[in-house]
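Hello,

Here is the structure I promised to pass on to you.

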Amino acid sequence: MKFGYTIIYVADVPASMAFWERAFGLQRRFVDATGAYGELEAGATCIAFASHGLMADLLPPECVTAPPSPQHHAFEIGLFTEDVPAAYAQALAEGATGLTPPRTTPWGQTVSFVRCPEGTLVELCTAIKR
């Protein structure tokens, strides 16, 4: 088995993908003809987006989408970059909300956090040197 993708459920797939392209420099891999599903290149795998309506058709009715919450996060997307301050500034310029500006951790990694307009928590960081 190998990791295939992460899917972010959003209200507007094309708008969310456009934000991620502008804010994080990711490139479009695929968008279906209906605009309900799309993928962005993200290294060895991809980040995908699916509309709430599509997921309502695919999942049982008791599975509902939780609204974004500023206090709780079930997961984060981590994006590696060599220039965290520039990536953080670009994300903010494109409409992300800054949560923590870049800082260096005790283990030497530079990290920052932003929230995307659809609510996803994104960590912009350098790779951990092992």
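Predicted model: local features only at pLDDT ≥ 70, side-chain atom pairs only at ≥ 80, totals over all residues.

Let me start with the core. The largest nonpolar core has 22 residues. Within this core, Trp20, Phe24, Phe49, Val122 and Leu124 are the ones that touch the most other members. Two or more residues each come from β1 (5–10), α1 (13–24), β4 (45–51), β5 (77–80), α3 (84–93) and β8 (121–125). The top contributor is α1, which gives 6 residues.

Next comes the second largest pocket, which holds about 340 Å³ of space. Its lining is made up of 17 residues, and those nearest the centre are Leu26, Ala42, Gly78, Leu79 and Phe80. The elements that supply two or more lining residues are α1, β4 and β5. Of the lining, β5 provides the largest share, with 4 residues.

Finally, two alanines in loops. Ala36 sits in the loop between β2 (28–31) and β3 (37–42), while Ala44 is found in the loop between β3 and β4. Which of them is buried and which is exposed? Ala36 has a relative accessibility of 15%, so it counts as buried, the cut-off being under 20%. Ala44 has 88%, and because exposed means over 50%, Ala44 counts as exposed.

What does Ala36 contact beyond its neighbours within four places in sequence? The partners are Val13, Phe49, Ala50, Ser51 and Leu54. One of these, Ser51, is 15 residues from Ala36 along the chain, and their C-alpha atoms are separated by 5.0 Å. Another partner, Phe49, is one of the core residues that touch the most other members. For Ala44, I have a C-alpha distance to Cys116, 72 residues apart along the chain: 22 Å.

Happy to go through any of this with you when you have the model open.

Best wishes

Note on methods
Residues numbered from 1 in each chain as written. Heavy atoms only, no water. Core = buried A, V, L, I, M, F, W, Y, C linked by side-chain atoms within 4.5 Å. Buried < 20%, exposed > 50% of the residue type's maximum accessible area, 1.4 Å probe, protein only. 1 Å grid on protein atoms, 1.4 Å probe; cavity = no way out; pocket = protein on both sides within 12 Å on 5 of 7 lines; lining within 4 Å. Points joined across faces, edges and corners; volume = space filled by probe spheres on them. Contact = heavy atoms within 4.5 Å.
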